[in-house]
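Dear colleague,

Please find below the sequence and the structure that I am handing over to you. My findings follow directly after them.

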Amino acid sequence: MAIESASSLHRPIKIWTDSLSSLMAILNPKSHHSIVREIQTLLLSHKHILLRWLKAHVGYLGNECADQLAKEAITNGDPFLLPKPLSYLKAEIKSAALRIWQDNWDNGETGRSTHDIVPRVSNKPVGWNREEIMFVTGHGPFPSCLLRFNLLTHDNCSCGEK
């Protein structure tokens, strides 16, 4: 909004912000965010507008006032809402999926012996090889081998299947 207002003026203008992440996004030529691209276009066509960074919460009167107005806008339900970036939406979806998965894992009826060993779900590999997984879960050829050596009376897996 400040850049749009300043674009009609034909004298040097400095716009100060304490949002370093916003400035870094504007400096990124590969940004795909529509608002960032719009700001980049405005700045390219209005060379007299300069963006500058200042440290937050150190007593700059104008900055403190801007922070207060921003807080009031959020708490009073101002209709000016910015769209969420794609990275935020991806993180929210991932978080929701992990919560659902964890709930299903905690309340499921199968895999209880594995749940005792690995109670938290994760999309990161556990770093176990196939043999370690078979041994820990009790799934695999072990009951058959143990039956051959008369160490078990059956060759059923821990899940009840052969």
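Asp103 is a residue of helix α5. With a relative accessible area of 43%, Asp103 is partly exposed, because that class covers the values between 20% and 50%. Between Asp103 and Arg120 there are 17 residues in sequence, while their C-alpha atoms are 9.9 Å apart in space. Please bear in mind throughout that this is a predicted model.

Asn104 also belongs to helix α5. Its relative accessibility is 49%, so Asn104 counts as partly exposed; the class of exposed residues begins over 50%. From Asn104 to Leu152 the separation is 48 residues in sequence and 33 Å in space, taken from C-alpha to C-alpha.

As to confidence, helix α5 spans residues 86-107 and has the highest mean pLDDT among the elements of the chain, at 93. The lowest mean, 74, belongs to helix α8, residues 142-148. For the chain, the average pLDDT is 83, and 91% of the residues score at least 70.

Helix α6

Helix α6 covers residues 112-117 and includes Thr114. Is Thr114 buried or exposed? Thr114 has a relative accessible area of 19% and is therefore buried, as the limit for that class is under 20%. Beyond its neighbours within four places in sequence, Thr114 makes contact with Trp105 and Thr137.

His115 is likewise located in helix α6. The relative accessibility of His115 is 15%, so this residue counts as buried. When residues up to four places away in sequence are not counted, His115 touches Trp105 and Asp106.

The nonpolar patch

Which residues make the nonpolar surface patch of about 550 Å²? The patch is formed by Phe135, Phe142, Leu146, Phe149 and Leu151. One of these residues, Phe149, is placed in the segment after α8. Phe149 has a relative accessible area of 57% and is therefore exposed. I would ask you to read this part of the model together with the mean pLDDT of 74 for helix α8.

The region annotated in UniProt

An unreviewed UniProt entry lists residues 1-75 as "domain: RNase H type-1". In the model, the chain over residues 1-75 is 55% helix and 13% strand.

Ser8 sits in the loop that runs between α1 (2-7) and β1 (13-17). Because its relative accessible area is 52%, Ser8 is exposed. Ser8 and Met24 are separated by 16 residues in sequence and by 25 Å in space, C-alpha to C-alpha.

Trp53 is part of strand β2. The relative accessible area of Trp53 is 41%, so this residue is partly exposed. What is Trp53 in contact with, leaving aside its neighbours within four places in sequence? Its partners are Trp16, Thr17, Asp18, Ser19, Leu20 and Leu23. Trp53 and Leu147, by contrast, are 73 Å apart in space, C-alpha to C-alpha, and 94 residues apart in sequence.

His57 is placed in the loop between β2 (49-53) and α4 (61-75). Although His57 is not a glycine, it has a positive phi of about 55°. Most residues other than glycine have a negative phi. His57 is exposed, because its relative accessible area is 57%.

Yours sincerely

Key
Residues numbered from 1 in each chain as written. Predicted model: local features only at pLDDT ≥ 70, side-chain atom pairs only at ≥ 80, totals over all residues. Heavy atoms only, no water. pLDDT = per-residue confidence, 0-100. Helix = DSSP H or I, 4+ residues; strand = E, 2+ residues; numbered from the N terminus. Patch = residues over 30% accessible without salt bridge, like charges linked within 9 Å, V, L, I, M, F, W, Y side chains within 5 Å. Areas by Shrake-Rupley, 256 points an atom, 1.4 Å probe, with all protein chains shown as cover. Salt bridge = Lys/Arg side-chain N within 4 Å of Asp/Glu carboxyl O. Buried < 20%, exposed > 50% of the residue type's maximum accessible area, 1.4 Å probe, protein only. Contact = heavy atoms within 4.5 Å. UniProt positions renumbered as here; feature names shortened; annotations may be inferred.
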